[in-house]
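Here is a short briefing on aromatic contacts. Keep the structure open while reading.

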Amino acid sequence: MSIKNQQKEAHVKGPVVRKEKKIEANKTETEDVAAEKNADISSVVKVKKEEKMYVIPLGGLDEIGKNMTLVQYRDEIIILDAGLTFPDDELLGIDLVIPDFSYIESNKNKIKGLFITHGHEDHIGGIPYLYNKIDKSVPMYGGKLTLALAKSKFDNPGFSKILPKMKEVKGRSKIKVGKYFTVEFIKVTHSIADAYALAVTTPAGVIVHTGDFKIDLTPVDGVGVDFSRLAQLGDQGVDLLLSDSTNSEVEGFTPSEKSVGEAFRVEFEKAKGRIIAASFASHIHRLQQIIDVSHQYGRKIAVDGRSMVRVFEIASNLGYLKIPEGLMVSLYDVGKLKEDKVVILCTGTQGEPLAALSRIAKNMHKHIKLRKGDTVIISATPIPGNERAVYNNINNLLKHEAEVVFRKIAGIHVSGHASKDEQKLMLNLIKPSHFMPVHGEYKMLKAHKETAIETGVSEDNILIAVNGSKIEVTKSYAKIAGKVSAGAVLVDGLGVGDIGNIVLRDRQQLGQDGVVIVVLTISKETGMILAGPDIVTRGFVYSRESEKMINEAAACIKEKLKSYEEKKITEWAALKTVTKDVASKYFYDRIQRNPVILPIIMEV
């Protein structure tokens, strides 16, 4: 080939090679764009396929008590605690308040288990009512003491004698229920033995519920917080933490329960006569310290109060209370002992009217009459709403010249709940992606939120929910995504939920202004008034002193009814309505009171 032809060929090939490179470059660029698009598409698909679970509190938010939380994943639900609360002054005649179980009832075929953090009433008191609504085959998991206390709740009338399956757990027990749930029990300290936090794992993520806790570094029973397991969970990743907010407004650390034992020793050393000690029946560690100090000072213990007697029996049989032989005596034998050899351990720290301490304070107790030189130790603080009743008891005790020791003047009580620094420690151990304060009034939840922000939790990742909120939880977010039916159900005797606002309003009105009963007798054949109206009052005015006013009211009613007779109006409903209207107007005009008017018509 000539040089000229070689150059020509080279000239032709050169651009061709460059074009191939350009095509190759374009191809690579196209592949990169496609890869990016595929990555975007796959990420979208990934988001769409992200697993979700739901946390649904039915109690314990914006209130103290009736703690209950559901965790739902696909077609399965587990329940964490089922507590109650006690009625305030406005709930006249109501015995207990429990959560609204209607959402659980409508989904009862999905329930796989009940998991209990500890044995206080605000966490176990609603259990027998819950099992009246769900299948008895749903198992219940908790510590040995917790299950024994829960079992005793079924002894009351109105509950089935068929008990649910109770499965005992210990620290680090892992329970697999249903197809999706694994629940682990992690030891924490509280004002009762067998207190646990719960770690709930599903394909959608991990939730930790602290239960009620404090960080007690010197626990009475020697069983402390499982810090290492909590830290491991934090390292592995926790998507949502639910944490006890009761003491979120209290700075520092809650003192150790052991400090109460020292305070008891001081008071026992000073006491010259009988000692009457009031405590929460379920506070096993407190009871053990009273037992130990009583034994140390050679005093015998007599127990009073139904719940105290029950807990002593259960806890001692299970080995949670260690009672030296010969220490216990009956109330009947107290009078046979020297005064400086007696401790009477009783209930009534909250001023409950029928509790042992209240009856002692009013000098109405069958076996115990206060004497000068008695020392009364009230080892608790008033729950909000109970202050007046508690201080009434203290005043009555002082009137009988007893020496009264309570928290304001002695360290004979410490809280069982974590203060701010302990809450910070829990947050630092768990390092949650998202946080939801629980167990507290709104101001407590808000204060706990501020504490979480201080520890580094983003404000955007903190949820303050209400009872019934449906919190959607994934590995990347947590948000309130709806609401379910929630509220309070009132228990009055054996009646559950049959007392509503109208009945409560009537009770309040009866309590404020009393009742006026108007009795009429009418002819069955003619509808004519044969006798009456006769008026009887209760809680309204003293009849003998107000006879003139009552007679005038009866005359007004009779006059109006005569006009109905003339118009041939004989329907009972009409007669009752006019009777109520006339009586109400008359009494309000005379003395500005609104009693409940109750017409009674008899037909002869």
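**Aromatic contacts in a predicted model**

F268 is buried, at 2% relative accessibility. This model is predicted. The count of aromatic pairs in it comes to seven.

**The F185–Y196 pair**

- F185 and Y196 form an edge-to-face aromatic pair. Their ring centres are 5.7 Å apart, with 85 degrees between the planes.
- F185 lies in strand β9 (residues 181–187), and Y196 lies in strand β10 (residues 196–202). The pair therefore ties together parts that are eleven residues apart in sequence.
- F185 is buried, with a relative accessible area of 0%.
- Y196 is buried too, at 5% relative accessibility.

**The F268–Y297 pair**

- The ring centres of F268 and Y297 are 6.2 Å apart. Their planes meet at 45 degrees, so this pair counts as tilted. The tilted class lies between stacked, under 30 degrees, and edge-to-face, over 60.
- F268 belongs to helix α7 (residues 258–270). Y297 sits in the loop between α8 (284–296) and β14 (300–304). The pair therefore ties together parts that are 29 residues apart in sequence.
- Y297 is partly exposed, at 23% relative accessibility, whereas F268 is buried at 2%.

**Cluster and charge contact**

- F115, Y141, F185 and Y196 are linked into a cluster by ring pairs.
- K470 lies over the face of Y54. The distance from the ring centre is 4.8 Å.

Key. Residues numbered from 1 in each chain as written. Predicted model: local features only at pLDDT ≥ 70, side-chain atom pairs only at ≥ 80, totals over all residues. Heavy atoms only, no water. Phe/Tyr/Trp six-rings, centres within 6.5 Å; stacked < 30°, edge-to-face > 60°. Helix = DSSP H or I, 4+ residues; strand = E, 2+ residues; numbered from the N terminus. Buried < 20%, exposed > 50% of the residue type's maximum accessible area, 1.4 Å probe, protein only. Lys NZ or Arg CZ within 6 Å of the ring centre and 35° of its normal.
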